[in-house]
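Morning, everyone. I will take a few minutes on side-chain contacts. Please have the structure open before I start.

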Amino acid sequence: MAVTETPPETVAAASEPALAAPRAEPRGLAAVLGSGDHKVIGRLFIITSLAFGLPMIVLGGLFAVEGTQPATLDVFSRDTVFQFFTLFRVGGVFLLALPLVIGVAMVVVPLQVGARAIAFPRAAAASYWGWLMGSALLVASYLMNGGPGGGRASGVNLWIAALGLITVALLVAAVSLATTVLALRTTGLTLDRTPLFAWSVAVAAILWILTLPVLVGLLVVMYVDHRHGGSSFGSNAGLYGQLAWVLRNPQIYTVAVPVLGFAGDVLATTARTRIAPRFAAQGAIGAFGILGFGAFLAGATGEIYKEWLVIALALVAVLPVLAILGLAGDLFRRGSFRLTAGALYATSALLVLLLGTLSGAVASIPAWSPAGSIADIGVGHAAVLAAVIASLGGVHWWATKIGLQPANEALGRLAPLVLLLGSAAIVIPDVVSGIFGDGPELAPDWTGGIEGLNVVVVVGTVLVLLGILAAAASLLPLLKAGTDVPADPWEGQTLEWLAPSPPPLANFEGDLAVVTSAEPLVDLSEEN
Amino acid sequence: MADAALALPPAPQPARPRVLLVGTALVAAGAFMAIVGLVGVYISARTNALATGGTWLPAGSSIPLTPGNMAFATMLLSGVSMWWAVDAVGKNDRQMAYLALALTIFFGIAVINATSFLYSQMDLAVSSTPGVLIFAVTGAHLAMIILGLVYAAVMTFRTLGGEYHGRDREGLTAAALFWYVTIAAHAVIWLAIYVTK
């Protein structure tokens with residue numbers, strides 16, 4: 001029995017309004033500024049989020065440097081240290097991790113589901129420009145002495161409005177991505193056959209849509225309050241505490257949901273075998289998303305994080321990550337494994353996420369770590385770093401779809417290993433300090449932590465920066481036009497590898513065959 | 001094997017991708033969560049204020065129930081008229097569809113009017129904690145109503161232009177879905193703020 005068949009002509013006609021290919025490809029600046037092409041928008045997200053994100057990592061390193069000798073070293077002045085601290089924490093999620101994940105997803109997800117374009121392409125483009133404007137305004141608000149703890153009221157107002165704009169823009173991107181997976185899959189690609197990365201992006205996007213609007217609501221309240229005297233949230237510094245729930249577990253896990261999907265897809269392809277318990281993999285990813293639902297903690301601080309429900313969520317969140325790791329082990333056992341950079345990125349990201357969820361479970365237990373300790377920062381860092389590693393891995397793995405040529409494989413193998421070491425050196429000291437010391441989560445106060453461990457964090461930050469630089473160097477070939485770039489350099493299983501490299505404006509040449517399994521390209525090769 | 005595949009009957013015609021409906025459902029879910037989150041903050045602040053032995057609303061301020069009830073009743077009526085519009089387009093009864101959509105938009109404007117009247121009756125300063133929260137919650141909902149009205153108006157014009165008719169009424173169904181969620185959000189606000197205060 002053939003596993004693929006030519007679709008009836010009615011398929012193209014029936015889905016014409018949503019899937020119609022644009023006629024002319026724009027060129028020059030117009031191709032960037034006015035583009036609704038998901039690949040262009042995704043690339044813009046990737047490049048700009050890395051440009052915003054690197055200074056955030058440097059900031060983290062500088063905090064660790066000051067933390068090694070807080071009594072004598074004054075890297076930051078007393079007046080500005082809290083503002084830099086909030087920029088580092090908020091920027092790490094909203095200027096780096098989330099937009100980077102969204103950027104990779106925006107390029108890859110429509111290709112994976114066989115769509116000719118992303119859903120609501122103009123909205124997707126608006127999401128990027130909105131996010132960029134919001135990010136620039138957020139940084140500007142700090143420059144004018146705004147942000148939480150800032151001394152200038154207009155700067156604080158600008159910070160709230162800018163973060164609101166960033167969140168709304170990212171939500172628009174999430175709607176585009178989730179709708180693409182839910183409504184624009186090609187014929188035969190049922191939801192249970194959806195590639196794991198696209199599935200994980202849909203799960204994450206839906207979770208963002210259900211939780212981040214609560215942050216938007218909170219920002220509306222903060223803005224109205226701050227404009228009229230600030231009676232509800234106390235000082236400017238109190239603003240940060242109100243939104244800390246977004247930056248810690250369980251909510252921070254939603255940023256890292258695509259890590260599981262990326263790992264599942266890449267490891268299956270690398271092992272040259274199908275994922276056997278597919279429903280289990282999809283279930284684990286869905287469960288991890290649900291366990292990251294943290295909107296019920298909006299505005300909460302203190303002891304509520306030691307309530308039984310939050311503890312239970314933190315303890316159970318380890319299981320889906322273990323399930324995907326188990327799946328990876330099964331793939332290695334059954335398949336013929338290749339040592340690719342993608343596999344190393346996937347494994348590193350999974351291990352960092354496992355470290356984060358394990359730290360979250362340990363830090364949730366009241367007897368081991370008090371509410372609002374520095375251990376919670378470590379958990380947040382692990383989720384963010386896992387998302388960054390997986391995203392960089394995604395750019396490497398799908399290099400021929402995102403850029404113009406395959407990435408440098410040797411440097412690509414080095415980067416995830418350095419990033420894994422660096423991430424562990426950043427996360428573990430914070431968790432240990434939270435358990436054995438009493439450093440706080442909501443302020444840059446090093447007196448309660450274990451100062452000696454900050455040396456390890458400095459080393460970890462340097463390693464993460466080196467890892468990102470190695471990854472960036474490995475991705476340089478993506479910028480140069482190549483000849484005979486292979487459509488499928490990895491013997492891929494899913495539809496994106498059917499698209500030419502780089503993909504044209506309408507993604508695929510000709511009509512796609514009706515999909516009859518979760519691995520249509522494996523079907524095709526078996527058929528031939 | 002390949003011959004067997006060629007001999008298969010053609011695949012059934014797939015359903016048209018309901019992109020607009022799915023996207024609207026996601027946006028509506030997000031908007032509903034924003035309102036629910038705001039109401040949660042309101043309830044939490046009120047509970048904390050009452051737990052410390054204080055009063056919630058400042059002296060001299062009150063939330064009269066009648067305008068709130070009128071606004072909610074009008075909102076419910078608009079749900080019926082919106083359902084009527086979708087049904088009329090489904091039956092290709094364009095005249096009834098125009099009438100129902102116009103009525104829905106009229107009801108929406110009436111809700112905005114009732115809420116602004118309620119604001120004038122409350123005598124509540126924005127600078128107080130209840131003032132911040134009540135204006136933020138109801139203001140966000142007013143924004144949702146305006147968004148729903150614009151959406152419904154656009155879909156009305158598209159229906160007038162003949163884009164939606166008979167079984168193909170995705171745009172109008174999407175606008176209706178957003179409107180129903182707006183009504184559900186109003187129900188939450190009505191109960192938490194206007195009734196419970």
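I will go through aromatic pairs, then salt bridges.

Keep in mind that this is a predicted model.

Aromatic pairs, then. Over all chains, the search finds 21 of them. One is Phe63(A) with Phe85(A), an edge-to-face pair with 6.0 Å centre to centre and 85° between the planes. Phe63(A) sits in helix α4 and Phe85(A) in helix α5, so this pair ties together parts 22 residues apart in sequence. Both Phe63(A) and Phe85(A) are buried.

Next, Tyr128(A) and Trp131(A). Their ring centres are 6.0 Å apart with the planes at 40°, so the pair counts as tilted. The two residues, Tyr128(A) and Trp131(A), are 3 residues apart in helix α6, about one helical turn. Both also belong to a cluster of ring pairs, along with Phe45(A), Phe52(A) and Trp129(A).

Now the salt bridges. Arg248(A) pairs with Asp376(A), and the closest N and O atoms are 3.1 Å apart. Arg248(A) is in the loop between α9 and α10, while Asp376(A) is in helix α15, 128 residues apart. Is Arg248(A) buried or exposed? Arg248(A) counts as buried because its relative accessibility is 3%, and the cut-off for buried is under 20%. Asp376(A) is also at 3% and counts as buried.

Compare Arg413(A) and Glu409(A), whose closest N and O atoms are 3.7 Å apart. Both lie in helix α17, 4 residues apart, about one turn. Arg413(A) is partly exposed at 33% relative accessibility, whereas Glu409(A) is buried at 19%.

Last, a network of salt bridges links Arg274(A), Arg278(A), Glu519(A), Asp523(A) and Glu526(A).

Definitions and conventions:
Residues are numbered from 1 along each chain as its sequence is written. Chains are lettered from A and ligands numbered from 1 in the order in which they are written. This is a predicted model: local features need pLDDT of at least 70, side-chain atom pairs count only at pLDDT 80 or more; totals for chains, interfaces and linings use all residues. Side-chain values use heavy atoms; hydrogens and water are left out. Rings of Phe, Tyr and Trp (its six-membered ring) pair if their centres lie within 6.5 Å; planes under 30 degrees apart count as stacked, over 60 as edge-to-face and the rest as tilted. Buried means under 20% relative accessible area, exposed over 50%, partly exposed in between (1.4 Å probe, protein chains only). A salt bridge is a side-chain nitrogen of Lys or Arg within 4 Å of a carboxyl oxygen of Asp or Glu.
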